[in-house]
Amino acid sequence: MGIFQWLFGTGNQEKQDVATPQPQTLPQDEGLDPPVIINRTKEISWNAWHAPEALTITMEGVPVAGVTHNNSDGVSRQKIIARLERWEAVDLVREPDNRHDGNAIAVVSGMGMIGYIKSDSNTRIAQLLDSGCTCLAKISSVHGGSGKSYGCALEVHISPPENAKYMTMSVTGISGTNNMDERRRDCADELSNYSSVSLVLGSVSEDTDGIVFVDAICGDFGRLGAKDAKNVTALIKSGHKHLTEVYDISDDEHPKIKIRSAFWEKTANRGKK
């Protein structure tokens with residue numbers, strides 16, 4: 001699940017834990033070999049990865065940048081990546097004080113740092129980690145070798161924190177056009193169960209004050225009922241963060257949509273050290 005489908009995928013897909021064969025030749029550069037070979041292939045339990053908490057965001061193929069540099073201890077990231085196995089765990093560590101990028105997220109394996117989440121992919125992950133979400137990450141692919149630089153990509157699962165409050169709500173007003181001049185019904189027809197959506201407070205005016213719109217990529221496709229809107233407005237205005245997805249959608253002439261949200265108070269989460 002995710003904030004929008006194009007960014008986070010459509011669900012939790014089962015994977016086989018098949019190790020990437022060890023390369024026959026290692027990159028020759030001035031960096032040092034990792035002092036100990038550590039492959040974290042058994043660290044994340046099957047249930048934690050394949051049956052995560054509700055509203056878990058799944059990001060696939062997340063690229064890792066900076067893989068050709070050496071770490072501060074002189075160890076070559078290339079020589080670490082050459083020894084990684086597919087589906088082993090890595091840590092994502094926020095570096096909010098990084099002078100190059102305030103959204104910087106380091107990727108750290110059992111043998112040391114291997115690079116950073118690529119800058120065009122790190123903004124949303126950084127926001128979620130900083131809001132208090134929990135994160136699991138694995139190496140999903142390793143490429144390169146045979147004279148080419150090694151590189152890798154990740155699969156990342158981000159979940160609401162343990163203290164999140166869950167709410168199931170109905171969407172009403174799936175008619176007319178929205179603020180993007182799109183038919184709300186057309187927007188609703190593009191959704192499916194587990195589609196990621198967002199809750200947006202109406203602007204303070206006679207027409208929209210007190211309304212909570214439910215947004216997708218094409219704009220809002222409806223709103224919450226008065227009681228739910230009142231509760232959600234209070235939570236958002238008090239600083240709570242949230243993740244929301246389609247929970248149940250009927251496929252008939254007059255669609256009925258239920259959504260599920262997780263709300264939690266913002267707490268800083270810089271990731272594992």
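Which residue's side chain meets that of Glu43 in a salt bridge? Arg40 does, with N and O 2.6 Å apart. The views below start from this pair and move on to other parts of the model.

This is a predicted model, in which local features need pLDDT of at least 70, side-chain atom pairs count only at pLDDT 80 or more, and totals for chains, interfaces and linings use all residues. Residues are numbered from 1 along each chain as its sequence is written, and side-chain values use heavy atoms, with hydrogens and water left out.

**View 1. Arg40 meets Glu43 in a salt bridge, and Asp91 in another.** A salt bridge here is a side-chain nitrogen of Lys or Arg within 4 Å of a carboxyl oxygen of Asp or Glu. The structure holds nine of them. For Asp91 and Arg40, the N to O distance is 3.1 Å. Asp91 lies in strand S2 and Arg40 in the loop between H1 and H2, so this contact ties together parts that are 51 residues apart in sequence. Helices (H or I, at least four residues) and strands (E, at least two) are DSSP runs, numbered from the N terminus. Buried means under 20% relative accessible area, exposed over 50%, and partly exposed in between (1.4 Å probe, protein chains only).

**View 2. Asp33, Lys79 and Arg83 are linked in a network of salt bridges.** Within this group, the closest N and O atoms of Arg83 and Asp33 are 3.9 Å apart. Arg83 sits in the loop between helix H3 (77-81) and strand S2 (89-94), and Asp33 in the loop between helix H1 (5-8) and helix H2 (46-50), so the pair ties together parts that are 50 residues apart in sequence. Arg83 counts as buried at 13% relative accessibility, while Asp33 is partly exposed at 41%.

**View 3. A disulfide joins Cys187 to Cys218.** The structure holds one disulfide, a term that stands for a pair of cysteine sulfur atoms within 2.5 Å. In this pair, the S to S distance is 2.1 Å. Cys187 belongs to helix H5 (residues 184-189) and Cys218 to the loop between strand S9 (212-216) and strand S10 (219-224), so the link ties together parts that are 31 residues apart in sequence. Cys187 is buried at 1% relative accessibility, and Cys218 is buried at 13%.

View 4. Cys133 is buried, with a relative accessible area of 0%, whereas Cys135 is partly exposed at 22%.

**View 5. Strand S4 (residues 112-117) is mostly covered.** Five of its six residues are buried. Two strands pair if DSSP finds at least two bridges between them. S4 pairs with strand S3 (residues 105-109) in the antiparallel sense over four bridges, and a hairpin joins S3 to S4 through two residues. To find this pairing in the model, look for Ala106, whose bridge partner in S4 is Tyr116. Strand S1 (residues 57-65) also pairs with S4 in the antiparallel sense, over two bridges. There, Val64 has Ile117 of S4 as its bridge partner.
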